[in-house]
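My entries follow in the order in which I made them.

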Amino acid sequence: MGKKEKCVICSEIVGFHFKGMEEWGIEGTLCGKCYSKKIDKHYPGDHVRVNKHLD
Ligand SMILES: [Zn+2]
């Protein structure tokens, strides 16, 4: 309860947790930004990125 988790990729405190897909080989919590990047990398064209300007 109230435990802050860090993104396994960028080590930032994650507010809204995302879980990586098994096929990504990632164990743990991702932040929205890294999750979005992974989606984009693994599923190009299948996903509309809404926060591309954050890169
Ligand atoms: Zn991250």
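I began with burial: buried residues make up 7% of the 55 residues in the chain. I call a residue buried if 20 or more other C-beta atoms lie within 10 Å of its own, exposed if 12 or fewer, and partly exposed in between, with C-beta atoms placed from the backbone.

I noted that this is a predicted model, in which local features need pLDDT of at least 70 and side-chain atom pairs count only at pLDDT 80 or more, while totals for chains, interfaces and linings use all residues. I number residues from 1 along each chain as its sequence is written.

Next I looked up the elements. I found one helix and four strands in the chain, and from the N terminus on they run β-β-β-β-α. Both kinds are DSSP runs numbered from the N terminus: helices are H or I with at least four residues, strands are E with at least two.

I then checked contacts, where two residues count if their C-beta atoms, placed from the backbone, lie within 7 Å. Among contacts with a separation of 6 or more, residues 24 or more positions apart account for 12%.

Entry on Ser11. I located Ser11 in the loop between β1 (5–6) and β2 (13–14). Its phi is positive, about 65 degrees, although Ser11 is not a glycine. Most residues other than glycine have a negative phi. I classed Ser11 as exposed because it has 9 other C-beta atoms within 10 Å.

Entry on Glu23. I found Glu23 in the loop between β3 (18–19) and β4 (29–30). Glu23 has 7 other C-beta atoms within 10 Å and is therefore exposed.

Entry on Lys38. I placed Lys38 in helix α1 (residues 32–42). Lys38 counts as partly exposed because it has 18 C-beta neighbours inside 10 Å. Leaving aside neighbours within four places in sequence, I listed Gly20, Trp24 and Leu30 as contacts of Lys38. Lys38 and Gly20 are 18 residues apart in sequence, and their C-alpha atoms are 8.3 Å apart.

Entry on Ile39. I found Ile39 in helix α1 too. Its 17 C-beta neighbours inside 10 Å make Ile39 partly exposed. Ile39 and Trp24 are 15 residues apart in sequence and 9.4 Å apart in space, C-alpha to C-alpha.
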